[in-house]
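Please look over the sequence and the model first.

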Amino acid sequence: MLEAYGPHEETYIRPDKQDRKGKAWQKLLELIDQAAHEQWTEFQPSKHLGRKLWEQITVLPNEIEKLTKVKSLYLYGSRLQRIPPHIGKMVSLEEFDPYTSYHLHWFPYEITRCKKLKDSRVSTRAIYGNYKYRSNFPDVSRNPVNYHHHQTTCSICECTTPQNGAFKQFWISLWIGTDVLPLLANICSDQCLQALPTPHQDYVAYPHQGGAKQIQPLSEM
Ligand SMILES: [Zn+2]
């Protein structure tokens with residue numbers, strides 16, 4: 001008999017296992033430098049790297065923050081598992097297309113800083129808390145996301161010194177571009193927790209830390 005995935009299975013954040021020494025990573029860094037230098041307005045790494053190298057990229061480099069002129073970010077068919085908070089520095093971003101990136105289950109809260117972002121194309125069935133399946137959010141109180149080579153900053157006030165010695169992570173579902181996306185925020189204090197916006201209706205109505213016991217609203221279908 002087939003075993004169905006119940007709504008109460010714990011889910012876990014995949015650890016960052018990106019190979020940062022290999023050819024794919026080096027090529028991608030070079031491409032980002034070129035795009036920043038030449039002020040590209042469109043960035044589609046798969047086109048330049050070729051499929052074989054592009055498939056070795058599971059995390060976008062922090063260096064994407066240099067792409068301040070890029071309006072369209074095409075990540076179609078990627079093997080990406082995460083995007084760093086640095087995407088918030090891509091202030092020209094209007095179009096965000098990670099369609100059919102089935103391992104991309106969540107996004108950094110910092111994407112809300114991309115104020116011009118109006119178009120997105122996300123494979124929503126893959127995302128945590130999606131409307132149809134209400135898949136569980138990983139418990140970030142026990143297994144927080146660790147960032148590679150990056151001093152964590154508060155997603156609200158951008159400070160690096162959290163109250164009580166540690167940042168707390170929270171999930172919040174917000175309207176980004178043309179989809180409601182699960183965003184992960186790093187929060188320094190109760191004050192910054194209060195400053196998070198109200199989640200989109202039909203989703204968990206407050207910032208939460210996930211886990212299989214987190215109750216989510218039922219879909220009307
Ligand atoms: Zn803060």
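The points below go from the whole chain to its parts.

This is a predicted model. The protein chain has four helices and seven strands. Its radius of gyration is 17 Å, close to the 17 Å that the globule rule gives for 221 residues, so the chain is as compact as a globular protein of that length.

**The whole chain**

- Along the sequence, the elements follow the pattern α-β-α-α-β-β-β-β-β-β-α.
- The C-alpha trace spans about 50 × 45 × 35 Å along its principal axes.
- Of the 221 residues in the protein chain, 36% are buried.
- Take the contacts between residues at least 6 apart in sequence: 61% of them join residues at least 24 apart.

**Helix α1**

- Helix α1 covers residues 23-37. At 1.5 Å a residue, its 15 residues should span 21 Å, and its end C-alpha atoms are 21 Å apart, which agrees.
- Ala24, Leu28, Ile32 and Ala35 are buried in α1. Seen down the axis of α1, the buried residues fall within an arc of 75 degrees, so they line one face of the helix.
- In general, an α-helix has 3.6 residues a turn, so residues three or four places apart point the same way.
- The other side of α1 holds exposed residues: Lys23, Gln26, Glu30, Asp33, Gln34 and His37.
- What do the buried residues of α1 pack against? Their partners are β1 (42-43), α2 (45-49) and α3 (51-54).
- Gln39 follows α1 and has a positive phi, near 55 degrees.

**The parallel sheet**

- Four strands make an open sheet, in the order β1-β2-β3-β5, with parallel pairing. The edges are β1 and β5 (119-120); each has a single partner strand, so one side of each is left without a neighbour in the sheet.
- β3 (residues 95-97) pairs with β5 in the parallel sense, over two bridges.
- Glu95 has Asp119, in β5, as its bridge partner.

- β6 and β7 run antiparallel and are joined by nine bridges.
- Gln169 has a bridge partner in β7, namely Asn186.
- Two residues lie between β6 and β7 in this hairpin. Gly177, in the turn, has a positive phi of about 60 degrees.

- The largest nonpolar core has 47 residues. Leu181 and Leu183 have the most contacts inside this core.
- α1, β6 (168-176) and β7 (179-187) each supply at least two residues of the core.
- Six residues of the core come from β7, and this is the largest share.
- Which residues does Leu181 contact, leaving aside its neighbours within four places in sequence? They are Phe107, Val122, Ile127, Ser173, Leu174 and Ile176.

**His150 in its loop**

- His150 sits in the loop between β5 and β6.
- Is His150 buried or exposed? His150 counts as exposed, because it has 11 C-beta neighbours inside 10 Å, and the cut-off for exposed is 12 or fewer.
- Not counting residues up to four places away in sequence, His150 touches Asn62 and Pro84.
- Pro84 and His150 are 66 residues apart in sequence, yet their C-alpha atoms are 9.2 Å apart in space.

- Thr100 is not a glycine, but its phi is positive, about 55 degrees.
- Thr100 belongs to the loop between β3 and β4 (107-108). With 14 C-beta neighbours inside 10 Å, Thr100 counts as partly exposed.
- Asp202 is a residue other than glycine with a positive phi, near 75 degrees.
- Asp202 lies in the segment after α4 (190-195). Asp202 is partly exposed, with 14 other C-beta atoms within 10 Å.

Notes. Residues numbered from 1 in each chain as written. Predicted model: local features only at pLDDT ≥ 70, side-chain atom pairs only at ≥ 80, totals over all residues. Expected span 1.5 Å × (residues − 1). Buried ≥ 20, exposed ≤ 12 C-beta atoms within 10 Å, placed from the backbone. Arc of directions from axis to C-beta. Contact = placed C-beta atoms within 7 Å. Pairing = 2+ DSSP bridges. Rg over C-alpha atoms; globule rule 2.2 N^0.38 Å. Core = buried A, V, L, I, M, F, W, Y, C linked by C-beta atoms within 7 Å.
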